[in-house]
Amino acid sequence: MSIFFFSSQNRIRLKFFFACSGLLLSFIIGFWIANNDRVYGVLRNFTSAEDVASKLLKICDDDRKSSMISKETCYSKNFSDVARAKGHEFAFTALKLLQRRDRDALGCHFIAHGIGVGAYERNPLQWKKDIQNIDPSCSYGAVHGFIETYTARAGENLFTKDRLY
């Protein structure tokens, strides 16, 4: 009597099923990552703020047509990546250039939230300096994103003396 619940033939079928499932899952994850690079704009090869503005205008305009994501959400997520990679000053320069080309970016409070998130994630240890220097335009959206990320990461230790002073 076999210690396995399944017969040897069924075990072979199960191994084949799991192998195929693993391959299919790997393909789906790879496809998702490849498309996520475009949708959330992991802009690896940008050279200037003008380049970022041009690429985001195209990326977010295309995404609005092909998915459920709003243009504002697309801009916010992408500007978070830009601020994480190049800093909040660079991200705001690119945003100002984008605003000249796309009127949808003029209401920039939520977009600036993304810049604040990226600015905090770029260097969490210098949060005290960055929060003082981050651009307050867009109705303090970057400051709000920065504070949201700080509080989310700090957890229970948010208001300890060491963290605040």
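**Group meeting: helices, rings and a pocket**

Let me start at the end of a helix. Just past H7, Gly155 adopts a positive phi of about 60°. Keep in mind that what you see is a predicted model.

Now the overall layout. How many helices and strands does the protein have? Eight helices and zero strands. Read along the sequence, the pattern is α-α-α-α-α-α-α-α. The protein has 165 residues, and buried residues make up 36% of them.

Back to H7. Helix H7 covers residues 137-154, which is 18 residues.

Which residues of H7 are buried? The list is Cys138, Gly141, Ala142, Val143, Gly145, Phe146, Thr149, Tyr150 and Ala154.

First, Cys138. Cys138 lies in helix H7. Its phi is near 65°, a positive value in a residue other than glycine. Is Cys138 buried or exposed? The cut-off for buried is under 20% relative accessible area. Cys138 has 13%, so Cys138 counts as buried.

Next, Tyr140. Tyr140 is also placed in helix H7. Phi of Tyr140 is near 60°, again positive in a residue other than glycine. Its relative accessible area is 47%.

Now the rings. A search of the whole structure turns up three aromatic pairs. One of them is Tyr120 with Tyr150. What is the geometry of the pair formed by Tyr120 and Tyr150? Edge-to-face, with 6.1 Å centre to centre and 75° between the planes. Why does that pair tie together parts that are apart in sequence? Because Tyr120 lies in helix H5, residues 109-122, while Tyr150 lies in helix H7, and the two are 30 residues apart in sequence.

The C-alpha atoms of Tyr150 and Tyr120 are separated by 7.0 Å. Both tyrosines, Tyr120 and Tyr150, are buried. For Tyr150 the relative accessible area is 7%. That is under 20%, so Tyr150 is classed as buried.

Which residues do the ring pairs link into a cluster? Tyr120, Trp127, Phe146 and Tyr150. Phe146 is also among the buried residues of H7.

The charged end of Lys86 sits over the ring of Phe90. The distance to the ring centre is 5.6 Å.

That takes us to H3. Helix H3 has 16 residues. From its first C-alpha to its last, H3 reaches 22 Å, close to the 22 Å expected at 1.5 Å a residue. Its buried residues are Lys71, Cys74, Tyr75, Ser76, Asn78, Phe79, Ser80, Asp81, Val82 and Ala83. Just after H3 comes Gly87, with a positive phi of about 100°.

Arg84 lies in helix H3. With a relative accessible area of 32%, Arg84 is partly exposed. Arg84 and Glu121 are 37 residues apart along the chain. How far apart are their C-alpha atoms? The separation is 6.1 Å.

How is open space found at all? Rolling a probe the size of a water molecule over the atoms shows where empty space is left. The largest pocket holds about 170 Å³ of space. Which elements give two or more residues to its lining? Helix H3, residues 71-86, and H5. H3 gives the most, with six residues.

The lining of the largest pocket counts eleven residues. Nearest the centre are Ser76, Lys77, Ser80, Gly114 and Val117. Ser76 and Ser80 are also among the buried residues of H3.

To wrap up. H5 and H7 are tied by the pair of Tyr120 and Tyr150. H3 and H5 each give two or more residues to the lining of the largest pocket. Thanks. Over to you.

Key. Residues numbered from 1 in each chain as written. Predicted model: local features only at pLDDT ≥ 70, side-chain atom pairs only at ≥ 80, totals over all residues. Heavy atoms only, no water. Helix = DSSP H or I, 4+ residues; strand = E, 2+ residues; numbered from the N terminus. Expected span 1.5 Å × (residues − 1). Buried < 20%, exposed > 50% of the residue type's maximum accessible area, 1.4 Å probe, protein only. Phe/Tyr/Trp six-rings, centres within 6.5 Å; stacked < 30°, edge-to-face > 60°. Lys NZ or Arg CZ within 6 Å of the ring centre and 35° of its normal. 1 Å grid on protein atoms, 1.4 Å probe; cavity = no way out; pocket = protein on both sides within 12 Å on 5 of 7 lines; lining within 4 Å. Points joined across faces, edges and corners; volume = space filled by probe spheres on them.
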